[in-house]
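Student: Can we go through this structure together? I'd like to know how the labels get decided.

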Amino acid sequence: MAINLELPEKLNSTVERARLAAEHIFRPVSRKYDKAEHEYPTELDELGKIAKQARGGDKSADTEGADHGTVNGANLRSVLNARELSWGDVGLMLSIPYQGLGNAAIAAVANDEQLERFADVWAAMAITEPDFGSDSAAVSTTAVLDGDDYVINGEKIFVTAGSRADHVVVWATLDKSVGRAAIKSFVVPMSTDGVTVARLEHKLGIKSSDTAVVRFENARVRADNLLGSPEINVKKGFGGVMQTFDNTRPVVAAMAVGLGRAALEEVRRILEEAGHEIDYDRPVAAQHAAVADFIRLESDWEASWMLTLRAAWMADNKQPNSTEASMSKAKAGRTVTDVTNKAVEIGATEGFSETQLLEKWARDSKILDIFEGTQQIQQLIIARRVLGKSSADLR
């Protein structure tokens, strides 16, 4: 499979807008909202309006290149946007109105009628529960059909934008006895009776992004808010809801790439100011140890971006990309934590100081290796796919 790595011309404006927002909106208030945890960043309101208009606006980039047998579409646009914005601030990127993880879920599995009906919503994503983390098959929140509605009961934790979004995509089971095949996703308005935000979490990083516990107590949602087929297909399993991750994991990988680039730029500056030249024409072993570390990490960073591009390209071109999505997430998540921790180490006093952003980036980076499936889960998925094993064969 060959990929042309030249940026499609129609996506130049996407990159430029995101880059300007990262530099002139995110960076100046990055430390402010890190210290003011749970305070809503009002500076993002205008970006939210732009994001909302863009979803219903020009779709030309989605079909660019289609006549030549390839498409550069929404997935590529999303990873480019995430990469640039996360260079500015990951938490603020996650806080932009109308760009929630739930919106990606809707885009992945909704039918045409639902895409139109939910075009203007800001949707959070509610999967994880108190009794499980990355094992999405362990969902215990229930959805029981009652007339024209489903009645949802359960508790979700670690809901990004849970107190700010106006809707939430909830994973719930139609029948616990059937197992993972009965797990479906539902679009639930946060204004629904029985839906409450129980608390906001205090976190290691991405403090500008709210992370909520959301409870569902006899919350009624119309039956046609179920995304995908309401039928329980034991043979198919829950591939429909899991398809969400095929879209969102490359976006998380792109976030890691953006933050990693920010840290690498700072490491390069520190090394050069200390008089250590980065020479790509000399053997790594013949250069300063910190320079050798930089070159190694930069190559890992480049590999992360290549994997991310591949996963997004495959999604745009309707090719199964579960393996590639997990590869990009695993590589980028591991790399960004390596890069930011090394930046703190090399930065010395700059690395620990709250007057700089290095220590903040190190804290922010950790979540990128955890949410949307931990490093261990990604490696398990990849191993199953490569070895041709089922989840029952390889745990």
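Tutor: Helices here are DSSP runs of H or I with at least four residues, numbered from the N terminus. This is a predicted model, where local features need pLDDT of at least 70 and side-chain atom pairs count only at 80 or more, while totals for chains, interfaces and linings use all residues. Residues are numbered from 1 along each chain as its sequence is written, and side-chain values use heavy atoms, with hydrogens and water left out.

Student: Why is R31 called buried?

Tutor: Buried means under 20% relative accessible area, exposed means over 50%, and partly exposed is in between (1.4 Å probe, protein chains only). R31 comes out at 13%, so it counts as buried. Other buried residues of α1 include F26, Y33 and D34.

Student: How do you know that the length of α1 agrees with what a helix should span?

Tutor: The expected span is 1.5 Å times one less than the number of residues. For the 24 residues of α1 (12–35) that gives 34 Å, and the end C-alpha atoms are 34 Å apart, so the two agree.

Student: Where does α1 bend?

Tutor: At F26, by about 45°, with the proline P28 following within four residues. The bend is the angle between axes fitted to the seven residues ending there and the seven starting there.

Student: What makes R363 and D34 a salt bridge?

Tutor: The rule asks for a side-chain nitrogen of Lys or Arg within 4 Å of a carboxyl oxygen of Asp or Glu. R363 and D34 meet at 2.8 Å, N to O, so they qualify. This pair links distant parts of the chain, with R363 in helix α12 and D34 in helix α1, 329 residues apart. Both partners are buried.

Student: Why is α12 described as largely enclosed?

Tutor: Nine of its 11 residues are buried, so the rest of the structure largely encloses it. W361 and L368 are among them.

Student: Are E265 and R261 buried or partly exposed?

Tutor: E265 has a relative accessible area of 38%, so it is partly exposed, whereas R261 is buried at 17%. Their side chains form a salt bridge at 3.6 Å, N to O.

Student: What makes a group of residues a nonpolar core?

Tutor: It's a set of buried Ala, Val, Leu, Ile, Met, Phe, Trp, Tyr and Cys residues joined through side-chain atoms within 4.5 Å. The largest one has 56 residues, and F26, M255, L271 and L368 touch the most other members. Helix α8 gives the most to this core, with 14 residues.

Note on methods
Helices (H or I, at least four residues) and strands (E, at least two) are DSSP runs, numbered from the N terminus.
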